[in-house]
Amino acid sequence: MLKQAQEMQEKVNHFKEKLKDVQAEGVSGGGLVVAVMNGSHELVNLKIDDKVFDEDKEIRNDLIIAAVNNAIKEKIFKKIFPILSRSVQSMMCKPHIRSQI
């Protein structure tokens with residue numbers, strides 16, 4: 001049982017590492033703000049056009065939030081879902097896992 005748990009933990013750690021390699025770009029304001037996120041939902045890059053700084057604080061905040069949310073919801077989820085599905089499927093194919101469900 002301990003060996004099975006260790007194998008499962010190794011697979012989870014491998015999956016987490018794969019997620020860091022996945023990147024997605026979210027855009028708002030017609031390209032004025034670009035947010036790049038990785039599959040671990042970490043913001044890895046943020047580009048803000050100088051024109052954004054001419055706007056008031058509330059608009060700047062809205063543009064940044066919109067770009068980050070676009071990257072997460074529209075892009076990252078679509079990229080990590082197939083990886084997650086394959087990982088879960090490979091775990092479920094193990095007889096010792098299936099028998100415990």
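Biologist: In S2, which residue is the bridge partner of Gly26?

Modeller: This is a predicted model. Strand S1 covers residues 23–28, and S2 covers residues 33–38. Gly26 lies on the covered face of S1, with Ala24 and Ser28. Its bridge partner in S2 is Ala35.

Biologist: In which sense do S1 and S2 pair, and over how many bridges?

Modeller: Gln23 of S1 stands opposite Asn38 in S2. The pairing of S1 and S2 is antiparallel, and the bridges number six.

Biologist: Which residue takes a positive phi in the hairpin of S1 and S2?

Modeller: Four residues lie between these strands. The phi in question is near 60 degrees, and the residue is Gly29.

Biologist: How many residues of S2 are buried?

Modeller: Val33, Ala35 and Met37 point one way from S2, and all are buried. Val34, Val36 and Asn38 point the other way and are buried too. S2 is therefore largely enclosed by the rest of the structure, its buried count being six of the six.

Biologist: Which residue in S3 stands opposite Val33?

Modeller: S3 spans residues 43–48 and runs antiparallel to S2, joined by five bridges. In the hairpin of S2 and S3, His41 has a positive phi near 60 degrees. Opposite Val33 stands Ile48.

Biologist: Is Glu58 buried or exposed?

Modeller: Glu58 sits in helix H2, residues 57–92. On the surface, Glu58 belongs to a patch of negative charge, with Asp54, Glu55 and Asp62 among the other members. Exposed means over 50% relative accessible area. Glu58 has 58%, so it is exposed.

Note on methods:
Residues are numbered from 1 along each chain as its sequence is written. This is a predicted model: local features need pLDDT of at least 70, side-chain atom pairs count only at pLDDT 80 or more; totals for chains, interfaces and linings use all residues. Side-chain values use heavy atoms; hydrogens and water are left out. Patches are made of residues with over 30% relative accessible area and no salt bridge: like charges are joined within 9 Å, nonpolar side chains (Val, Leu, Ile, Met, Phe, Trp, Tyr) within 5 Å. Accessible areas come from the Shrake-Rupley method with a 1.4 Å probe; for residues, only the protein chains shown count as cover. A salt bridge is a side-chain nitrogen of Lys or Arg within 4 Å of a carboxyl oxygen of Asp or Glu. Lys and Arg count as positive and Asp and Glu as negative; His and the chain ends are not counted. The place of a charge is taken as NZ of Lys, CZ of Arg, CG of Asp or CD of Glu. Helices (H or I, at least four residues) and strands (E, at least two) are DSSP runs, numbered from the N terminus. Buried means under 20% relative accessible area, exposed over 50%, partly exposed in between (1.4 Å probe, protein chains only). Two strands pair if DSSP finds at least two bridges between them.
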